[in-house]
Amino acid sequence: MLRNILLTSAALALGSTAAFAQDIVQSNSSWYTDAEAALNQRLEHQPNTNRAKNVILFIADGMGVGTNYAIRLYAGQQNGEYGSEHVLPYEAYQDFPNVALVKTYNINAQTPDSAPTAGSMNTGVKQVFNTINLSENAVHDECASEEGNKLTLFSELMSEMGKSVGVVTTARITHATPAAAYAKTANRNWEGEAPEGCTDIATQLLDQMKAGVVDLAMGGGRRYFLPETVTDEEGKKGKRKDGHNLVDEAKEAGVQYAWNTETAKALNLDGETPVLALFEDSHMKYEHDRTEADEPSLTEMTKTAIDYLSKNDEGYYLEIESGRVDHANHDGNAFRTVTDGVEFANAVAAAAEMTNPEDTLIIVTADHEHSIALNGYCGRGSPILGLCYDIGKGQVKHADEPVLADDGKPFTVIGYLNGPGAVLKEQEDKSYSGSRPDLTEEEAEDSEYVQQALIPMSSESHSGEDVAVWARGPFAHLFDGVIEQNYIFHVMNHAANAE
């Protein structure tokens, strides 16, 4: 004991961590040496203060720290790892060295909505629940309150600088997060219809394309571009009541149109002819349910967008959303949450490979978290979509026996504080009670399984927890500590305008 104390004192006096390491037991551990290597890597890191030619904002809708943890473990376990040790593409320090926590609340909401959270990243100011890109004086669902409260968008600023702008999503292109890149509205639900005096979101997208602000838009949501009297390529009727066929209007304005994988591959990616791709009547398919013939993956859309936008020598701004991570969480279906999350990570990796960190700022974040919960004292390697297994003794891997709750039944690693997975039995007095099923591993890992929830709700809710932001490229070092969500805009704007 005394010898160790003396050695520690001597090492500190020399100011040498290496000298300290050579004389202690820890130096034989890979945990110790790996941490030393990580420290040295950070000591050598130098901030990039180049001007950002390109800015890419990745948003995994609903992917807070908890959801990201589940995605990490799933990706690792799919690779034959225990899961916890896995590193997602945007978590690797050598690729994305800058990380911060982000506060996501809206002006009038402790638990946020996607519209004002995404809007805050695109304008630099916090916004009102269920509104998009209006100042704090706007009132939700009041058309007249749009007057005088419309905010300038990052996409508009970049377009004025001669840069191209793209929006990519697996949700409807008129949904809250993608709309935040180009629209301004008192109600995020005015996707294809708005009160007199206001303009619906689909029309705003076409207007921004005609004005040269948005050059490429890819996602789902044909229903809000077609009138009720017209059917799309898959035989589904549009939902517009005003009779406008925005797809035809886009074509007449010289915009290229794609609706499936084949037509997407036929697009002219010259960087000059605008692109509108609408791959579904509503949201695009989950990655697990998608086929190549139906529609491209998020990774494929990301590659297409970068290929197209990079033709502009002045650079570009690209917002990319994995919208269905959020939807799977709302459904209480952890399987599709993590499988879409892995595809999101693949898209980030593709973008990183196609761009140069010397001139391209890539930001990876989320708009909000969900009420996801990670349960129990689970042993290492417990399947993230399966049961929580007991901690193994004298071994790294979990024991073979599941942990049992006080009702004598096993439980899954992932649960939700609220959602459709609550076990209910309606009583005559309208109160609810119920007992949990005796779940098997096979049942828990089924792709259709809905995780157990505490509070019964038809759709699981967001939560107000922080999300993370990872960044690389020019001025990425400005992401550190705990930040307000609207600060993200200011880093993007500073990087794009740096002298």
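1. Two strands are taken to pair if DSSP finds at least two bridges between them. In this predicted model, strand β3 (residues 164–172) and strand β4 meet that criterion in the parallel sense, with four bridges. Within this pairing, Val168 stands opposite Met218 of β4.

2. Strand β4 (residues 216–220) also pairs with strand β6 (residues 275–278), again in the parallel sense and over four bridges. Here Leu216 is the residue opposite Val275 of β6.

3. The largest nonpolar core comprises 114 residues, and Phe58, Tyr90 and Leu276 have the most contacts inside it. Helix α13 (residues 334–354) contributes the most to this core, namely nine residues. A further core, of six residues, lies apart from it; Leu134, Ala138, Ala186 and Trp190 are among its members.

4. Leaving aside residues up to four places away in sequence, Tyr90 touches Met63, Asn68, Phe96, Phe344, Ala345, Val348, Val364 and Trp470.

5. Which residues of helix α15 (residues 487–497) are buried? They are Ile488, Phe489, Val491, Met492, Ala495 and Ala496. These residues lie on the same side of α15 because they cover an arc of only 165 degrees around the axis. In general, an α-helix has 3.6 residues a turn, so residues three or four places apart point the same way.

6. The packing partners of the buried α15 residues include both strands and helices: β1 (54–60), β7 (316–322), β8 (360–365) and β17 (482–484), together with α5 (114–123) and α6 (154–160).

Terms used
Residues are numbered from 1 along each chain as its sequence is written. This is a predicted model: local features need pLDDT of at least 70, side-chain atom pairs count only at pLDDT 80 or more; totals for chains, interfaces and linings use all residues. Side-chain values use heavy atoms; hydrogens and water are left out. Helices (H or I, at least four residues) and strands (E, at least two) are DSSP runs, numbered from the N terminus. A nonpolar core is a set of buried Ala, Val, Leu, Ile, Met, Phe, Trp, Tyr and Cys residues joined through side-chain atoms within 4.5 Å. Buried means under 20% relative accessible area, exposed over 50%, partly exposed in between (1.4 Å probe, protein chains only). Contact means heavy atoms within 4.5 Å. The arc is that of the directions from the helix axis to the C-beta atoms.
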